[in-house]
Amino acid sequence: MALKKSSSSSVQSTPEEAKDCNQIRSDLLSDDPAERRWAARDIVNCPGATLMLLDQLEDETDLTVRQIILSSLTRLGDAEAVEGLVACLRSEDASLRNEAIEAMKHLPKEVAPIMATVLNDPDPDVRIFAVNILESLCHDDVEQWLISVIQDDEHINVCATAVDLLGEVGSEASIDALTALKQRFDEEPYIQFAADLAIKRISED
Amino acid sequence: MADHKISDQEFDKFAEFFYRKTGIKFEPTKRYFVDKRLAERIRETQSESFRQYFTSLRFQASGEELQRLTNSLTVNETYFMREDYQFRCLVDSMLPDVCERHDPRKPIRIWCIPSSSGEEPYSIAMYLLEEWEGINQWDVELIASDIDTQILQTAQEGIYSERSIRNVPAAWKRRYFKSVKGGHQIDDDIRHAVEFTQVNLSEASDVRKIRNVDIIFCRNLLIYFDDLSRKIAAEHMFEAMSPGGYICLGHTESMGRISPLYRVKKFPAAIVYQRPLEAK
C-alpha cells in the first residue's frame with residue numbers, strides 16, 4: 001500500500017458528452033438528488049431555464065438541490081428569476097424565504113429596479129424581508145431606500161428594521177429622516193432608542 | 001501626500017465589514033498590516049477620508065475595489081508545511097474517520113486545489129508517508145489541480161528554493177529532496193505519485209472530472225472569489241466529494257459564510273467541514 005497515481009475513475013481525461021436540453025429537463029425531475037443538482041446547473045443554457053428552475057424550486061424538498069437551483073437562478077439573474085425570488089418571500093417555508101433573500105443579495109443591479117415595489121408591498125413581512133435584502137446589497141441607493149422606508153412606512157416593525165440598518169450604513173443624509181421618525185412614533189420606546197442609537201453612530205463617524 | 005491615519009473605531013468598522021465579506025478576521029494585533037494597506041488604497045483611489053473610501057468600498061456595485069483591497073490584504077506566498085496543523089488533523093482525525101467507512105479495495109482520494117507550485121500536495125505526501133501508519137494498509141491517490149497550466153508544470157518539476165522548504169524537518173529534507181541546479185527537487189516517487197490536472201473551480205464541466213474525493217484541501221483560494229462564485233465553487237466541490245468527505249479551508253476562511261451545504265466538524269487539531277453522510 002502506498003501513494004498511487006490516480007486512476008481514471010477519479011479523474012476523467014475526457015469530459016462527459018453534453019446532454020441535450022430535453023434530457024436535462026427530464027433529469028431535473030429525477031428521483032436522484034445528484035442528478036437533479038447537475039440538471040439544475042446544466043439547464044442554465046437551455047431555453048425556458050428560469051421557469052423550469054422556479055417550478056422545481058417550489059416543489060423541491062432536498063436542501064442541496066435547492067441551493068443549486070438558487071445559484072443557477074442567481075446566475076441567470078433575469079427579470080423572471082428576480083420575480084420568482086420575490087415570490088419566495090411570501091412562502092410559508094422560512095428556509096426558502098431566507099434562501100431567496102440570500103440569493104437576491106447577489107443581484108444588486110437586477111433587484112434594484114423592483115426594490116421600490118417590494119418595499120411598498122401590502123404585506124409588512126415582505127417589506128421587512130426587503131429591508132433584510134438591503135443589508136448586504138451592494139448598491140448606491142441602499143441608504144435612500146432606507147430613508148424612504150422610515151419616512152413613509154406606517155408599520156413600526158418595518159421602520160424598526162430599517163432604522164437598525166441605517167445605524168450601520170447611514171450617513172448624515174439620514175439624520176433628518178431619523179429625527180422625523182422619532183416624532184412620528186413618539187410613544188414607541190424602541191423607535192426612540194434605535195433612532196437615537198443610529199443618530200449617535202452616524203454622528204460619531 | 002496626505003497620511004490617512006485609521007482610528008480605532010474605523011478599524012473596528014472595517015474589520016467587521018471585511019470579515020462579513022470575506023470571512024477574514026483581522027484582530028487588533030494586525031493593525032499595522034491592515035492600516036498600511038487601507039491607507040494605500042485610500043491614497044490610490046484619491047479618497048479624501050476613510051469614510052469616503054469605506055462608503056465606496058461598501059456600495060460599489062462591481063466590487064472591484066473590494067477585490068483590490070482583498071488582494072493587498074492577502075499573502076500569496078506558499079511554502080512547504082504551511083498551516084501544517086491541518087495535516088496533523090488529516091492523519092489523526094480525518095483519515096481514521098474516512099477509513100472506518102471506506103471500501104478497503106478502493107484508494108482514498110485527496111484533492112488539493114489550488115495546487116499552486118506543488119508545495120501543498122507534496123507536503124501532504126510526505127506527511128502521509130512519515131506520520132500516518134495507515135499508509136501501510138491503504139492506497140492513497142493525490143490529485144492536485146490549478147487553473148494555471150504554467151504553475152502545474154512548475155509543480156510537476158518540483159524544484160524549490162531553500163526558503164520554500166525552510167519548514168521541512170531536516171530528516172525529511174534528506175529523505176525526500178535532492179540538490180539540483182536551481183534548488184532542491186522533491187523525490188521522484190512522490191513527484192510521480194501526484195496527479196496534476198487543470199481545473200477551474202468555477203466551471204462545472206471541469207469539476208465533473210473529479211469524483212469520489214474523500215478529503216479536499218482548498219486553502220486560501222475562495223477568498224479571491226466574489227460571493228456567488230465562492231458559493232458555486234463550494235457547490236462544485238460538494239459534487240466531487242464522497243458523502244462524509246471533508247474539506248479544509250484556509251485558517252481565515254469559513255464555509256459557514258459561503259454555503260449551507262456542509263457541516264462544521266471540530267477536531268482537536270483543526271476545524272474542517274464535512275459533506276453530510278446522508279447527503280446523496
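## Chain B: overall make-up

Chain B holds 11 helices and 10 strands; helices (H or I, at least four residues) and strands (E, at least two) are DSSP runs, numbered from the N terminus. The model is a predicted one, in which local features need pLDDT of at least 70 and side-chain atom pairs count only at pLDDT 80 or more, while totals for chains, interfaces and linings use all residues. Residues are numbered from 1 along each chain as its sequence is written, and chains are lettered from A and ligands numbered from 1 in the order in which they are written.

Along the principal axes, the C-alpha atoms of chain B fill a box of roughly 65 × 50 × 35 Å. Of the 280 residues in chain B, 37% are buried. A residue is buried if 20 or more other C-beta atoms lie within 10 Å of its own, exposed if 12 or fewer, and partly exposed in between, with C-beta atoms placed from the backbone. Among contacts in chain B between residues at least 6 apart in sequence, those that join residues at least 24 apart make up 74%; a contact means that the C-beta atoms of two residues, placed from the backbone, lie within 7 Å.

## Strand pairing in chain B

An open sheet of 3 strands in chain B has the order β3-β5-β4, with antiparallel pairing. Two strands pair if DSSP finds at least two bridges between them. The edges of the sheet are β3 (159-160) and β4 (177-180) of chain B; each has a single partner strand, so one side of each is left without a neighbour in the sheet. β3(B) and strand β5 (residues 183-186) of chain B run antiparallel and are joined by 2 bridges. B:Ile159 has B:Gln185 in β5(B) as its bridge partner.

Elsewhere in chain B, strand β9 (residues 263-266) pairs with strand β10 (residues 271-274) in the antiparallel sense, over 4 bridges. A hairpin through 4 residues joins β9(B) to β10(B). Opposite B:Val264 stands B:Tyr273 in β10(B).

## Backbone details in chain B

The loop between β1 (108-112) and α6 (119-131) of chain B contains B:Pro114. A cis peptide bond, with omega about 5°, joins B:Ile113 and B:Pro114. B:Ser116 also lies in the loop between β1 and α6 of chain B. B:Ser116 is not a glycine, yet its phi is positive, at about 50°. B:Ser116 has 22 other C-beta atoms within 10 Å and is therefore buried.

B:Glu83, in the loop between α4 (64-73) and α5 (85-101) of chain B, is another residue other than glycine with a positive phi, near 45°. B:Glu83 counts as partly exposed because it has 16 C-beta neighbours inside 10 Å.

## Chain A: overall make-up

Chain A has 12 helices and 1 strand. Its radius of gyration is 22 Å, well over the 17 Å that the globule rule gives for 205 residues, so chain A is more spread out than a compact globule. The C-alpha atoms of chain A fill a box of roughly 70 × 45 × 25 Å along the principal axes.

Of the 205 residues in chain A, 42% are buried. Among contacts in chain A between residues at least 6 apart in sequence, 61% join residues at least 24 apart.

## Nonpolar cores

A nonpolar core is a set of buried Ala, Val, Leu, Ile, Met, Phe, Trp, Tyr and Cys residues joined through C-beta atoms within 7 Å. The largest core has 63 residues, and those that touch the most other members are B:Trp111, B:Ala125, B:Leu142, B:Ile216, B:Met237 and B:Ile247. Neighbours within four places in sequence aside, B:Met237 is in contact with B:Ile216, B:Cys218 and B:Ile247. Another core, of 59 residues, lies apart from the largest one and includes A:Trp38, A:Leu119, A:Leu178 and A:Ala195.

## Where the chains meet

In the contact between the chains, 30 residues of chain A touch 42 residues of chain B. On the chain A side, the elements that give two or more residues are β1 (3-4), α2 (33-42), α4 (63-76) and α7 (108-119). α4(A) gives the most, with 5 residues. The residues on this side of chain A comprise 11 nonpolar, 10 polar and 9 charged; Ala, Val, Leu, Ile, Met, Phe, Trp, Tyr, Cys and Pro count as nonpolar, Asp, Glu, Lys and Arg as charged, and the others, Gly among them, as polar.

Strand pairing also links the chains: β1(A) pairs in the parallel sense with strand β2 (residues 140-146) of chain B, over 2 bridges. The bridge partner of A:Leu3 in β2(B) is B:Val140.

Definitions and conventions:
Rg over C-alpha atoms; globule rule 2.2 N^0.38 Å.
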